[in-house]
Amino acid sequence: MPLSVDERWDLIDKISKQTVTFGAYKHTLKDAIAELTVKPLTGIPVAIAVIYGFWSFFCDFAGTLFTDGFMVRLFDEHWLPWLQSVFPGGLGNPLYALMVDAGHIENGVLVASDTCFESFGVLTSGLFVPFGVVLWAVVAFYLMFAILEDVGYLPRLAVLVDTVLHKIGLHGYAIVPTFLSLGCNVPGVTAVRPLETRKQRFLMITLLAVFIPCGAQIGIMQDLVPELMGWIFLTLAIGYLGFGFILNKIVPGKSPEIIMDVPPYQMPMWRNIASKLWIRTSRFLLVAVPFVLLGCLIVGLMYLTGAMDWLAAVFGPLLMGWFGVPEETVAPLIAGFLRKDLAVGMIGGLMEQGIMTTFQVFTSVVLLCIYFPCLATFVMMLKEENWKEFLGSIASLVAMVFVYGGLIHLVGIMLGVA
Amino acid sequence: MNEGEEKFGQIYFAVLGAVALAFGAAELIASAGGGFTWGILDSSGAANPLFLSWRAIILLSVGFFYLSSVKDFAEVHQLAKSVMASIMIWIVAGMAIWSRIAGSIPGEETWFNSLDGFLASYAPPYCPEMFLLPFSLVIMYYIFKEGETEK
C-alpha cells in the first residue's frame, strides 16, 4: 500500500533517529583548509599559486626538458639532415617537397630548411609537431590536471569562479570543461553535458571553440613565442568573458543553478593518475597524429599546385586590411582547419623567415586560436548540438572573429605597433 | 598545542610573514624594472620574465596569510592560514627547484649534461621562495601537533 506524504516524512524521521548521530562537529585542519580555498579573499591567491605551479611545471617539463632539451636536437640535428641526405629527389622535387623539405626562397634562390618547423614535410614537420612538441605538452598538462582532479581541488575552483561565470550565463562547473579544453577541445566539448540547459551548453561550446587554445597549440606557442604568452592569454580571457557576457544577453533561455558535490581533499592515487594520463594521452595522439600528417600533405599539395598562392591573392587584402596580418598567413589559417598546433608551427616558420613583425605574430596566433575550431572539435560540436545550435555557434564564431580580430588590429594601430 | 608552542608560532610566523611580504614587495618593484640580482638572491626573472610579477603576487599573499594567522594562532582556522601560506611557498619553491632539475639534465652540445655542468645548475643565486622554503617547513610540526589533538 502506498504511503501518503506525511507518512513518508514520519518514516524518514524514524529512520534518521535510528541511524544519524547528532552533535557538535569540530572542524579539522583539513576542513579549515578546504574552506580557505573556496572563500574568494583567500581562495583567489591560492588559485593564483596553483595555476602558477601548473603553468611552471608545464613549461619546464614540455619546453625546457623534452622539446628544447632533446627533441629539437633529435629532429633538427639528426632526423632532418639524415632525411635530406637519403631521400630521393632532392630540393625542388615535388615528392621530396611533400615528404621532407619544401625549402624556402632566399635572395631568389631555393634553399634547404634548417629546422623541422620550416621544412614542412610529412616526415619532418609532420612528425616533429606531434612527437617533438605536442606529446610532451599534453603529457605535462594531463598529469597536472589528473593530480588536481584527484586531490579534489577542481570542484573548489568551480565554487570559487561561480560568481564570475554566472555573469556570462554559466555555472562554476563550466571551469571544468574550460580547463579540460586547455588540454584538448574534444573532451572539453563532451564535458559540457552536465550543464543544465541548452542555452548554457550552447554558450559553453561556442566559447570553448573560439577562445580556449588546446594543449598542443599552447605547447607550440610556448616554444615559439614564450614572451607573448601572457598577452595572448589575457586577450583570450578578455574575449571569453566579454563575448560570453554579450552572448548571455542575446541568446534566449535560462541559466539555472546546479548542485555540485565538493569532495574532501585527499592524497592523489598514483594508479588513478597513471591510468587517466595514459587514456587521455593515447586518445589525444590517436586523434592528433593523423590530422597533422594529413595537414602537412594538404598544405604541401596546395603549395605545389599553386592553390595556396591563389588563396593568398584572394584573401590577402582582407587579411592585410582588416586583421593587419600578411597574406602568407592564409596557409596557416587553412592548416588550422585540421590542426591548430600545426598552423602555429607554420607561423613559427614564417617568423624564422622574417616575414612578420612581433605584433603580426601576436595577432596571427590569436586569430588562429579564435577563427575556427579544428576539424575534430568541429565534428564533436556537430554531435553535441542540433543543427540550429550548430549554425548559431558558427554564426557567433564568424562574428566574434571579425569583431575581435578587427579590434585587436585597431588597438595595434592606436598603439603604433600595427 | 600548548601555550609556549602557540607563542613561538605567533612570533615565528609573524617574522616569516613580514619577510615574505618584504620579498614580495621587492619582486613586484623588480618586475616593473626588469628584476635584480643581489649576491645570492636572484629576482631577475631571467628564466621567464612572465613569472616574476606572478611570483610577487603569490609572495605578497603568503605574507598576508602568515600575518593574519598570528592572532589566536592555536585556533584551527587561523592555523590553516599558515598551512596554506606554507603550501603556496612549497608550490613556488618546488617549481623553482624543478626548473633547475629540468634545465640541468640536457647538455649544451651533448645529449646529456656533464657532471660539472649538472652541479653548476644548482649553484646560487636563488629566488626568494627558495630561501623561504626551509623556514616554512616549521609548519609541519604544528600540523603534526594538530593531528594529535584531533585524534
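Among contacts in chain A between residues at least 6 apart in sequence, 73% join residues at least 24 apart, two residues being in contact if their C-beta atoms, placed from the backbone, lie within 7 Å. In chain B, the corresponding share is 66%. The model is a predicted one, in which local features need pLDDT of at least 70 and side-chain atom pairs count only at pLDDT 80 or more, while totals for chains, interfaces and linings use all residues. Residues are numbered from 1 along each chain as its sequence is written, and chains are lettered from A and ligands numbered from 1 in the order in which they are written.

**The two chains**

Chain A holds 20 helices and two strands; helices (H or I, at least four residues) and strands (E, at least two) are DSSP runs, numbered from the N terminus. Chain B comes to six helices and two strands, and its elements run α-β-β-α-α-α-α-α from the N terminus on. The table gives further values; a residue is buried if 20 or more other C-beta atoms lie within 10 Å of its own, exposed if 12 or fewer, and partly exposed in between, with C-beta atoms placed from the backbone.

| Chain | Residues and buried share | C-alpha extent along the principal axes |
|---|---|---|
| Chain A | 418 residues, 45% buried | about 90 × 50 × 45 Å |
| Chain B | 151 residues, 37% buried | roughly 60 × 35 × 20 Å |

Helix H12 (residues 215-224) of chain A has 10 of its 10 residues buried, so it is largely enclosed by the rest of the structure. Among them are Gly215(A), Ile218(A), Met221(A) and Asp223(A). The buried residues of H12(A) pack against H3, helix H6 (125-151), helix H13 (229-250), helix H14 (270-305), helix H17 (340-352) and helix H18 (358-370) of chain A.

In helix H7 (residues 153-160) of chain A, the buried residues are Arg156(A), Leu157(A), Ala158(A) and Leu160(A). They pack against helix H3 (40-86), helix H8 (162-166) and helix H9 (175-181) of chain A.

Two packed helices are described by the angle between their axes and the distance between the axes. Axes are lines fitted to C-alpha atoms, for helices over the stretch in contact, and angles run from 0 to 180 degrees between N-to-C directions.

The axes of H3(A) and H7(A) come within 11 Å and cross at roughly 130 degrees. This angle makes H3(A) oblique to H7(A); angles under 35 degrees count as roughly parallel, over 145 as roughly antiparallel, 65 to 115 as roughly perpendicular and the rest as oblique. Pro40(A), Gly43(A), Ile44(A), Ala47(A) and Val50(A) of H3(A) make the contact with Tyr153(A), Leu157(A) and Leu160(A) of H7(A).

For H13(A) and H18(A), the axes come within 10 Å and cross at roughly 40 degrees. These two helices, H13(A) and H18(A), are therefore oblique to each other. In H13(A), Trp231(A), Ile232(A), Thr235(A), Leu236(A) and Gly239(A) meet Phe362(A), Val365(A), Val366(A), Cys369(A) and Ile370(A) in H18(A).

**Where the chains touch**

The contact takes 28 residues from chain B and 26 residues from chain A. On the side of chain B that touches chain A, two or more residues each come from helix H2 (49-69), helix H3 (76-104) and helix H6 (139-150) of chain B. H3(B) gives the largest share of that side, 15 residues.
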